[in-house]
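Good morning, and thank you for the time. I would ask everyone to keep the model open on the screen while I go through it.

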Amino acid sequence: MWDEFVRIPGKTFKATNGDVAVDHYHRFEEDVVLMARARLKAYRFSISWPRVLPNGKGAVNEEGLAFYDRLINTLIANDIEPIVTIYHWDLPQALQAEYGGWESRQIIEDFTNYAGLLFERFGDRVQHWVTLNEQNVFITHGYFNSGASASSD
């Protein structure tokens with residue numbers, strides 16, 4: 001959803017988006033070297049739901065999972081503990097369009113399946129999981145203060 005939001009004129013500073021940003025996807029190995037030099041003991045990162053399941057459910061993007069395999073293995077090889085955030089503001093647009101995303105109880109099954117896929121794939125190497133990034137901000141500012149309410153589906 002964020003990828004779509006940032007393309008609405010006037011929504012971001014100087015029409016910026018996250019298409020490249022710091023390019024961690026292509027530069028993670030040198031990023032991990034810098035982390036190791038800084039003597040970091042842990043690195044919390046987020047897994048992109050749409051990178052792993054482009055439609056939010058169904059077909060798995062193995063290339064997306066392979067990226068996280070490489071990142072996790074590189075962190076461990078450098079004695080850096082991976083801490084994974086499962087959801088970090090990147091609901092697949094397809095789920096928002098299909099049933100309203102987080103405002104529908106249908107999200108429960110899709111999120112559970114997504115999280116289960118991550119646990120199955122990475123649970124042998126990842127010991128620490130964060131379910132929702134900044135859950136207090138997500139709930140308070142995303143729903144409570146906006147006047148949005150959950151649907152009764």
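This is a predicted model: local features need pLDDT of at least 70, side-chain atom pairs count only at pLDDT 80 or more; totals for chains, interfaces and linings use all residues.

Residues are numbered from 1 along each chain as its sequence is written, and side-chain values use heavy atoms, with hydrogens and water left out.

Let me begin with the core. Which residues of the largest nonpolar core touch the most other members? Among its 29 residues, they are Phe 45, Ile 47, Trp 49, Val 52, Tyr 114, Leu 118 and Phe 122. A nonpolar core here is a set of buried Ala, Val, Leu, Ile, Met, Phe, Trp, Tyr and Cys residues joined through side-chain atoms within 4.5 Å. Buried means under 20% relative accessible area, exposed over 50%, and partly exposed in between, with a 1.4 Å probe and protein chains only. The elements giving two or more residues to this core are α2 (24-37), α3 (49-52), α4 (62-77), β2 (81-87), α5 (93-99) and α6 (107-122). Helices (H or I, at least four residues) and strands (E, at least two) are DSSP runs numbered from the N terminus. As general background, nonpolar side chains in soluble globular proteins tend to be buried together.

Leaving aside neighbours within four places in sequence, Trp 49 is in contact with Gly 56, Tyr 87, Asp 90, Leu 91, Pro 92, Leu 95, Trp 102, Ile 107, Asp 110, Phe 111 and Tyr 114. Contact means heavy atoms within 4.5 Å.

Several of those partners lead us to α6. This helix has 16 residues and reaches 22 Å from its first C-alpha to its last, close to the 22 Å expected at 1.5 Å a residue; the expected span is 1.5 Å times one less than the number of residues. The buried residues of α6 are Ile 107, Asp 110, Phe 111, Tyr 114, Ala 115, Leu 118 and Phe 122. Seen down the helix axis, these buried residues fall within an arc of 125°, so they line one face of α6. The arc is that of the directions from the helix axis to the C-beta atoms. In general, an α-helix has 3.6 residues a turn, so residues three or four places apart point the same way. Covering the buried residues of α6 are, among others, α3, α4, β2, α5 and β3 (128-132). On the face turned away from the buried side, α6 carries the exposed residues Glu 109 and Glu 120.

Now the largest pocket. Its volume is about 1,100 Å³. On a 1 Å grid over the protein atoms alone, a pocket is an open set of points where a 1.4 Å probe fits, with protein on both sides within 12 Å along at least five of seven lines; lining residues have an atom within 4 Å of a point. Grid points are joined across faces, edges and corners, and a volume is the space filled by probe spheres set on the points. The lining comprises 30 residues, of which Asp 3, Gly 18, Ser 48, Arg 51 and Asp 90 lie nearest the centre. The largest share of that lining, 4 residues, comes from β1.

Is Ser 48 buried or exposed? At 18% relative accessibility, Ser 48 counts as buried. Ser 48 sits in the loop between β1 (42-46) and α3, and, not counting residues up to four places away, touches Tyr 68, Asp 90 and Tyr 114.

Finally, the backbone. Most residues other than glycine have a negative phi. Lys 14, in the loop between α1 and α2, has a positive phi of about 55° and is exposed at 69% relative accessible area.
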